[in-house]
Amino acid sequence: MSGLLINDISMRFDLPNGGHVQALKNVTLDIKSGELMSVLGPSGCGKTTLLNIVAGFLAPTEGNIQLNEEVVHGPGPERGMVFQQGALFEWMSVRDNVSFGPDMKGMSRAESKEKVEHLLDVVGLQDFKEKAVYELSGGMQQRVALARCLANDPDVILMDEPLGALDALTREKMQSLVLDLWKDTGKTIILITHSVEEALLLGERLLVMAPRPGRVHKEYRLPFADMGVGNDLREVKKHKDYAPTREEILEMIWNMEEEIMGRTEENA
Amino acid sequence: MTGLLVLALYVGAFFGSFFIAKAVFKSAFEKKGFNKLKTVTFGDESAITANRVASVISVITVFWLWVAFTNSAIPLLKFPGPFSGDMTFTYTAQLEDGTTDDATVTMRVYREDIQQTIDDEGNPGREPDPAEVELGDGFAKNDSLTVARYSFKVVNVWANDEVSKRDGSTVVAINGQPIAPGESIRVDEGTIGLTDKGTPTFEPAVGLRMARLYLPAPEVVFQRFIWLNQEGYQGYTLLEHTWFSLKRVVLGFLIGAVVGVPIGYAMGLTGWARGWFDPIVEFMRPIPPLALIPLIIIWFGIGEVGKVVLLFLAALWIMIIAARSGVSGVAISKVHAAYSLGASKWQILSKVIVPNSLPDIFTGARVAMGVCWGTVVAAELVAANVGLGKMIVTASKFQLTDIIIVGIIIIGVIGFAIEVGMRSLENWLIPWKGKV
């Protein structure tokens, strides 16, 4: 079976004062190859921890991650990562950033040229390939990050709030780009976001996580991502199920936040 | 008092030139570019640019103060200088029986730096002879003596008198004014007094200008600069002194960087190295390099090796700390991203950590070069055969103030050049600095 299996993950951080934080408890997910999954949840629900475990930056206290039936033990090129911002290499040009993965594999520039040029076309940065990344706008920088990740041809792309720092208009364009790339490449994508709208639009499968301990609260299967491919996302938002689903999830997260606030007050 | 006058003049020049320059160079006071549209600039530091007219006037002011307080030949407004030339005063000698007689003393005041001047034929100046005077009549005879500016002369008026001091001749009046031992009277040309034992003294007026020994005039320093380049001092020309100092700095700094940067990286990357070097670095860092000079001399002597070792030690700790903070300044997301793109540890180091730490290393290098430049001069002051510091300290022993000033100016100019050079190198090598 090919795909990503998150197998009964628990994560416990020991604190210096002797206490501990249960960041994740018994999270099990079976993500099929080519699936687009968005993860939502209030702060402290462990969604970033989960992504870091899948990426291999953290080892879980219990359970394991299996990609294509092989257990993951650390970071690797088959799991690409797109960060919120600041993860590009400023000392390299746009083109060098994109070809970083192939370069690390020892691929010659001639070999990787076709792929790099193609990806620069796809993300619309062909005219900027000689520029330094710090000369680009925030949206363009995230395009570079997407292209850099794709150049390595990973099986799974992990996105940690990749559009969080962008303005609303740029964000909408980037959402369309992510959908198009998903459809074109057929990659498995896990996307963490704070925005309910983004989670609805960029999730075939939407996961709502709950905090303390971090766990999967509810799962949705949504049609909006498929509708959005190649279409205007504003049209998708007019779908009759869109607004009710959004309200339902917002309500759910609001309740969780209030519960956290209540508990904090009790403790105080 | 002169110090207060300089301060008052300097403050006056600051404000005075502002109002004058504002009226004359209007364009230099206009806001430029985007700042033109800003209504709030007081408090907005980014809107402040250095007024170059002020910089030019500032340098001119310092130069003018230099000229104004020295016996310079440069035709600029100067303060009253010391008296120079011939002057006379009369003294009245009285014998024990009450008879008195008047006689004159002619003082020839000459340049205190006469021996350092050269006439048209290239001969060094000589002290002048006293003016020729007639002895006159009476028991007190006329005297003639010489005295240098900024100096003081005890005038033994009885040397040629018919009645000596021992035989009961005393001076009771100067220029007709009664005077007692220990008192003095002022005239335009200086101060005439009596010592406690009653011998007349003459001190020429000094004005406000400083003697060459204390502050040589600009042109004197410039001539010395030329002379140092042609003739050299202590067996080396100025260029050679400078070259030796610079060579020591560059060598010491480079070895310090080559050793320090890898240690700094190791401290940022492995716990063992951090634990190993932490106590050494933290102990050595606060010790000023100058405190090590005696030990270095004992161990390595006063030759080149000792100097380079000292500068190596001055640069080493700075470079270690710069490299270590460069590693800790790498955003973890960049390292994670590189690992996710398949980079090995070696590739992480060479492709991510090294370039990312360059801005910190450059800042450290600038500081280290500055410290090394200061340390080399100090080390040469203590012991050296050649070098700018050596040149200065030897000149100071022979009171050659002009050489000292040439040395100080060269040290300042080179320190400034190092800073400017490092900055432009930085802009060229790490254009992304501060833009992330």
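**Contact between chains A and B, and the elements around it**

The contact between the two chains draws 21 residues from chain A and 17 residues from chain B, two residues being in contact if their C-beta atoms, placed from the backbone, lie within 7 Å. On the side of chain A that touches chain B, strand S6 (79-82) and helix H3 (100-104) each supply at least two residues. Helices (H or I, at least four residues) and strands (E, at least two) are DSSP runs, numbered from the N terminus. By class, that side of chain A has 13 nonpolar, five polar and three charged residues; Ala, Val, Leu, Ile, Met, Phe, Trp, Tyr, Cys and Pro count as nonpolar, Asp, Glu, Lys and Arg as charged, and the others, Gly among them, as polar.

The model is predicted, and local features need pLDDT of at least 70, side-chain atom pairs count only at pLDDT 80 or more, and totals for chains, interfaces and linings use all residues. Residues are numbered from 1 along each chain as its sequence is written, while chains are lettered from A and ligands numbered from 1 in the order in which they are written.

Turning to chain A, helix H4 (residues 109-122) has 14 residues and should span 20 Å at 1.5 Å a residue, in agreement with the 19 Å between its end C-alpha atoms; the expected span is 1.5 Å times one less than the number of residues. H4(A) has a kink of about 25°, centred on Lys115(A), where the bend is the angle between axes fitted to the seven residues ending at a residue and the seven starting there. After H4(A) comes Gly124(A), with a positive phi near 75°.

In chain B, an open sheet of four strands runs in the order S4-S9-S8-S7 with antiparallel pairing, strands being paired if DSSP finds at least two bridges between them. Strands S4 (153-154) and S7 (184-187) of chain B stand at the edges with a single partner strand each, so one side of each lacks a neighbour in the sheet. Two bridges join S4(B) to the antiparallel strand S9 (residues 200-204) of chain B, and Lys153(B) has Phe202(B) as its bridge partner in S9(B).
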